Every structure is written in structure tokens, then in C-alpha cells.
Amino acid sequence: MKDFANQVSSAASTLLHSGYAVIRTGPLLKMVLDDVFDGADAFFARGLAEKTRYARPEILEGYRGYGAEFSGSVDRPDLNETFSLVLRNMIRPEVADWARTNPLRRALAAAAPIYAELADAILDDLRRHFAPEGDRIASAKFSYLQLNYYRPGREERELLQDAHEDGHLLTFVTSRQPGLEFEVDGRFEPARLAPDEILVMPGGILSLMTGGAMAPLVHRVRKAPDLPRRASLMFFVNADVMAPPRPWRPMADGSCPDIRQATIESSQMFGLASIGALAE
Ligand SMILES: O=C(O)CCC(=O)C(=O)O
Ligand SMILES: [Fe+2]
């Protein structure tokens, strides 16, 4: 097993060369992920009224119902429910309190700092590659964990989420069921992740940070017909919109995108509340 520093530097260089990377979790994160997925099965089996007690959509926190987001167009909603945890909201007592009655919330709170540390380390390695003197990125505020819960066996549509790129810096995604596919050389391939593996995907904002050098990874979710449930866990990495980094490299036309503006705009692109609301 490679140690943490080794994992990070090989993930950063694989991202640069292949456009995505797969990392193996250590035993601690593996255990935390077991708790997350157990907590998800228990939480999503609850009735709607019960789940809605844990909903604060205006700050992107907690439960969001079936079809609340979309990937390609608004008339093709994503066919899943969601539960999310935003790092910056962890200090809010009213949501921290959810952990007492909600094991999913408790497990996500344990996972969040581990993911933030991993994201900061990988982004720092990328920064050293593009701009050793460039701005550091602190992911531990505006990034969030999102658990997606699907019921593939009940769906008619072949694609539970249409092809899209994420409007973030990086996405860490893991699932123990099939369905996730990503695009390499114009063709979609199944992700085939082992239970302790996490796929790291560049998003649209990383492309703006790197002058277009790193392209976002296009991905989608396909229905596996006989699967009663599918859970996936994403860590969506955002820069601090109150102290946004300057791009590490200008775009080909010499322009330097406004990372704060772009982060806020992309957070609204898929039908969600603005990440900007968290800064208030
Ligand atoms: O469920 C998955 O595996 C991926 C979900 C996804 O791409 C998203 O929510 O943006
Ligand atoms: Fe996505």
C-alpha cells in the first residue's frame, strides 16, 4: 500500500497525463465509507416526511428529493435522491445536531475532513506543476460531499444521469455498484471501481485554473437493469469563493477567468441553490 504522500503525487501526475486518476483509500477512509453506504441504505429507506426533516436546500445541505437536479437539460432530471454535507456548514449547530439522529450525516461528517485533506494535497501538487508561485487552494469550506441514491430497477430511462462535466475543480467519486461511465477518446467506458477505490475527475473550474490545459472529464450514469439500489458518494471540490485563487495560467487568448464568478455560476447550472449563498 502506497502512503498518503505517494498516493497524492501519483494521482496528480496521472491526472495530468491521463485526464483522470484512481486512488486507493487507506483503511481509515475505507471504514468511513462502509459507514457512509450503510447509513445511506438506512436513511433512504425512511419515508419522505422523515427525510425532509433533514433538508436545507437553500444552503445546499441535507436531503434533496428525486429529480431535483439535472445534467443536460431541465426536462431530463437526474433520477436520484441526494443527501449532502457542505464543509462550511459544519459549524452551524442546527445541522451539526442532525448527527444525533442520522447515522448518514454522522458518517459524512467523519469523511469530509479526510477528503478535504486529500483534495488540498492533490491541488497543491498541480499548482507546483503549473505555477510554483501561484495561489494555493483551500477546499475545506465551499466543497461538499454528496450521496446520490438511485433505484435503477424502477427506471425506464437508460441513462439515470445524462452526460455532463462537473462545474467544480475536482470531483472524487466512488460507488460499489455499476453504472458510472466516463469518456476517453470519444468513447464511454464503465468506471469499474473496487470498493476501496475512488475516481478523481477534473471539472470545468480546474480547466479555467489551468488555462485550458486540464480538460473536464465527461461522465454519465447508466441503468444496470436488475439493480434495486445504487449509491454513489461524490466530493465536489470548490475554491473558497470569499478568497478565490487567481488562475495558475492564462487562457490561450490571454484572458484570466474570474474563479469566484465561475464557481458561483456553475453551482447554479444544474438547478441547485447558489454556492454564493453560503458566503453570506
Ligand atoms: O452517481 C455517480 O456515480 C455520478 C454522479 C454524478 O456524476 C453527479 O452527481 O454529478
Ligand atoms: Fe457528475
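## Exercises on loops, a cavity and an iron site

Arg-192 sits in the loop between strand E9 (187-190) and strand E10 (197-202). The model is predicted. Keep that in mind throughout.

### Exercise: two loop residues

**Task.** Is Arg-192 buried or exposed? Is Leu-60 buried or exposed? Then compare their places and backbone angles.

**Solution.** 
- Start with Arg-192. Its relative accessible area is 71%. Exposed means over 50%, so Arg-192 is exposed.
- Take its backbone next. Phi of Arg-192 is near 45°, a positive value in a residue that is not glycine.
- Turn to Leu-60. The loop that holds Leu-60 runs between strand E2 (55-56) and strand E3 (61-64).
- Check its surface. Leu-60 has a relative accessible area of 2%. Buried means under 20%, so Leu-60 is buried.
- Check its phi. The value for Leu-60 is near 60°, again positive in a residue other than glycine.

### Exercise: the pocket beside Arg-192

**Task.** Which residues lie nearest the centre of the second largest pocket? Describe the lining by residue class.

**Solution.** 
- Get the volume. The second largest pocket has about 200 Å³.
- List the central residues. Gln-177, Pro-178, Gly-179, Leu-180 and Arg-192 lie nearest the centre, out of 15 lining residues.
- Sort the lining. Six residues are nonpolar, three are polar and six are charged.

### Exercise: the cavity

**Task.** How many cavities of 30 Å³ or more does the structure hold? Which elements supply at least two residues each to the lining of the largest cavity?

**Solution.** 
- Count. There is one cavity of 30 Å³ or more.
- Size it. The largest cavity holds about 270 Å³ of space.
- Find its centre. Gln-161, His-164, Asp-166, His-219 and Phe-236 are the closest to it among 27 lining residues.
- Name the strands. Strand E5 (144-150), strand E6 (159-164), strand E7 (170-175), strand E11 (219-222) and strand E12 (230-237) each give at least two lining residues.
- Sort by class. The lining has eleven nonpolar, twelve polar and four charged residues.

### Exercise: the iron site

**Task.** Which residues coordinate the iron ion (ligand 2), and through which atoms? Why does the histidine pair tie together parts that are apart in sequence?

**Solution.** 
- Read off the donors. His-164 and His-219 each use NE2, and Asp-166 uses OD.
- Note the distances. They are 2.1 to 2.2 Å.
- Write the spacing. Along the sequence, the donor residues follow H-x1-D-x52-H.
- His-164 is in strand E6 and His-219 is in strand E11, so the pair links parts 55 residues apart in sequence.
- Check their surface. His-164 and His-219 are both buried.
- All three donors, His-164, Asp-166 and His-219, are among the residues closest to the centre of the largest cavity.

### Exercise: contacts of ligand 1

**Task.** Which residues come nearest to ligand 1? Then give the distances from its oxygen atoms to the side chains of Asn-148, His-219 and Ser-232.

**Solution.** 
- Begin with the surroundings. There are 13 residues around ligand 1, and Tyr-150, Gln-161, His-219, Arg-230 and Ser-232 come nearest.
- Take Ser-232. A polar atom of its side chain is 2.6 Å from an oxygen atom of ligand 1.
- Take His-219. An N or O atom of its side chain is 3.0 Å from a ligand 1 oxygen. His-219 is also an iron donor.
- Take Asn-148. Here the distance from a side-chain N or O atom to a ligand 1 oxygen is 3.1 Å.
- Asn-148 belongs to strand E5, and its side chain makes a polar contact of 2.8 Å with that of Gln-146.
- Asn-148 has a relative accessible area of 3%, so it is buried.

**Solution.** 
- At 19%, Ala-99 counts as buried.

Technical notes
Residues are numbered from 1 along each chain as its sequence is written. Chains are lettered from A and ligands numbered from 1 in the order in which they are written. This is a predicted model: local features need pLDDT of at least 70, side-chain atom pairs count only at pLDDT 80 or more; totals for chains, interfaces and linings use all residues. Side-chain values use heavy atoms; hydrogens and water are left out. On a 1 Å grid over the protein atoms alone, a cavity is a set of points where a 1.4 Å probe fits but cannot get out, and a pocket is an open set with protein on both sides within 12 Å along at least five of seven lines; lining residues have an atom within 4 Å of a point. Grid points are joined across faces, edges and corners, and a volume is the space filled by probe spheres set on the points. Helices (H or I, at least four residues) and strands (E, at least two) are DSSP runs, numbered from the N terminus. Ala, Val, Leu, Ile, Met, Phe, Trp, Tyr, Cys and Pro count as nonpolar, Asp, Glu, Lys and Arg as charged, and the others, Gly among them, as polar. Donors are N, O and S atoms within 2.8 Å of the metal (3.2 Å for Na, K and Ca); water is not among the atoms, so sites may look incomplete. Buried means under 20% relative accessible area, exposed over 50%, partly exposed in between (1.4 Å probe, protein chains only). A residue is near a molecule or strand if one of its heavy atoms lies within 4 Å of it. A polar contact is a pair of N or O atoms within 3.5 Å; within protein, one must be able to donate a hydrogen and the other to accept it, and residues adjacent in sequence count only if both atoms are side-chain atoms.
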